[in-house]
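Please read them alongside the coordinates.

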Amino acid sequence: MTYVIAGSCIKDDSCIEVCPVDCIHPKPGAPDFDAAEQLYIDPEVCIDCDACVEACPIDAIFADFQLPEKYDYALDLNREFFAELGTADRTAG
Amino acid sequence: MARTRPRVAIVGAGPAGAFAAASVLRARGDAEVDLFERLPTPWGLLRGGVAPDHQEIKRLEDLFDRQTLRRGCRFLGNVEVGVDVSHAELMEHYTAVIYATGAQTDKSLRIPGEDLSGSWAATEFVAWYNGHPDYRGLEFDLSATRAVVVGNGNVAADVTRILTLSARELERTDVADHALDALRESRIEEVVVLGRRGPAQAAFTSAELRELGRLDGVDVRVDPADVELDAVSQRWLAEEGTFTARKNVELLREFAARPAGDAPRRIALRFLRSPVEIRGAASVEAIDVRRNEIVRADDGALRARPLDEAVETIECGLVLRSVGYQAVPLPDVPFDERRFVLPNERGRVLTADGTPLPGVYAVGWIKRGPTGILGTNKRDADETVSCLVEDLAAGTPAQPPQPGRDRIDALLAERKPDLVTVEGWRAIDGHELRRGRSEQRPRVKLASRDELLDAAGATAARPAAARS
């Protein structure tokens, strides 16, 4: 499984501060940070520790199997964000 | 030598002020922090701006409470800095003053008819449905079948949702009672949302846009021709477009492909349309729009340019203008009239010659302009507070002439007998939450100043003559 950030994210970066594997992006200072409407969890890297869930002040992070129906698109969206990022990195490299 | 405890006044208890208070307390645990607020209630746009059907975001108030009021920061509500107490007086009593007053007015469209009855700033509608006491008396005419929302940002999305949600859904929120009553009687069937630029440039977040397409009892309509991107936009989206812009275009194409439905209410998203005139004899009857095309300006930005002179008339009885916020100058503090912010460097407010004004700081929209979302204010506050902490360590600003908190308290007691402190706010909060529980709603807001002050227990202290 993985944790997933839903659309109510306010980009408070509490989750980034506690993530032990650095799988939440974009990070403050990154070029795409300001334009990002929310933060995303990389499902390929997330270790399901739930530290971010505890840290989020507005409970915007869910386990993938517990996503409320209104956020049913969010796992795909988080995955897609990193897929695009990967393409961009390869292009840049 | 023992350090003197710095005394910090924060003006404005919205998200920027709250994050700043929390940041000061984290960085300087010895600081005495006072949070001044014009309203009897704290948390600014979290209470009065965030839409009532987005309750999950309002949970942030628990964090604000934990990190500020429960850590010794005082709430001084129902006090307007610049009116009840001056900037100069604050400087006599505090080591530092941090302005967090936000952006309190709307940008205008600068077109004829904008001031007709029935044409409103979207933020007036927002303040009204969210129970801001200064807006309670507004009367929105919801008797026509069509409303037009001008603008493509998240405030435009919020007001569009509130106009189209069913009464059953609104009843589950903390929308103000007077608004709930009016919205129950609303005859609006269609909300037309006008974007000056194209689908690729819309400022909605994809989350807000997606939500518009998923409302119960509401069809969303997009003209397929509107989502065929012009060459300039196509190239921009492929080469520079953000993840959100690509998602928005994807969503709008999906909306455009939907078969026409027969839901009781409709949202029509129209792009590349600029209003040129709002018309009506006594009140709004129609809005005239012209078509635009997207061009790349010399500075690289994508701008809307009128395509031709043809005018399309959209009949409507309500216009909500949502094209951005603007800050207003504060008495006795420098103001940048071009950028509509306090001139500042990393939060240190600057004088006309560009040198820091000792002890004066800015945070939030009054510092950076109306950009970013709630969490942006956390980093913004940390930046300002790191400057403050540096300055304190360097001995600038100096300690204020008035030596203790009791002096400002005496001044406030004299000027504002109906001051609302944290106890008053807790009484208001408790009252609203209890009423909410009894009606199976998250909260039932008290929406007039008198009701709020009564609940806070502040009225008994008010001289009878001052009561309205």
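1. Helix 14 (residues 376-394) of chain B lies across strand 4 (96-99), strand 17 (348-350) and strand 18 (356-362) of chain B, and runs at about 150° to strand 18 of chain B. Helices (H or I, at least four residues) and strands (E, at least two) are DSSP runs, numbered from the N terminus. Axes are lines fitted to C-alpha atoms, for helices over the stretch in contact, with angles from 0 to 180 degrees between N-to-C directions. Contact between two residues requires C-beta atoms, placed from the backbone, within 7 Å.

2. This is a predicted model, in which local features need pLDDT of at least 70 and side-chain atom pairs count only at pLDDT 80 or more, while totals for chains, interfaces and linings use all residues. Residues are numbered from 1 along each chain as its sequence is written, and chains are lettered from A and ligands numbered from 1 in the order in which they are written.

3. An open sheet of 7 strands in chain B has the order 3-2-1-4-18-17-16, with mixed pairing. Strand 3 (74-77) and strand 16 (344-345) of chain B are at the edges with a single partner strand each, so one side of each has no neighbour in the sheet. Strands pair if DSSP finds at least two bridges between them. Strand 1 (residues 7-11) and strand 2 (residues 32-37) of chain B pair in the parallel sense over 5 bridges; B:D34 in strand 2 is the bridge partner of B:A9.

4. Helix 16 (residues 422-438) and helix 17 (residues 449-456) of chain B pack at about 110°, their axes 7 Å apart. That makes helix 16 of chain B roughly perpendicular to helix 17 of chain B (65 to 115 degrees). From helix 16 of chain B, B:G424, B:W425, B:A427, B:I428 and B:H431 meet B:L452, B:A455 and B:A456 of helix 17 of chain B.

5. Chain B is divided into domain 1 (7-104 + 327-416) and domain 2 (106-325), with bounds from an automatic or database domain assignment. The centres of these domains of chain B, over C-alpha atoms, are 33 Å apart. In the contact, 11 residues of domain 1 of chain B meet 16 residues of domain 2 of chain B.

6. Chain A has 3 helices and 4 strands, in the order β-α-β-β-α-β-α from the N terminus. The radius of gyration of chain A is 12 Å, close to the 12 Å that the globule rule gives for 93 residues, so chain A is as compact as a globular protein of that length. The radius is taken over C-alpha atoms, and the rule is 2.2 Å times the number of residues to the power 0.38.

7. The contact between the chains takes 17 residues from chain A and 19 residues from chain B.

How values were computed:
Parallel < 35°, antiparallel > 145°, perpendicular 65-115°, else oblique.
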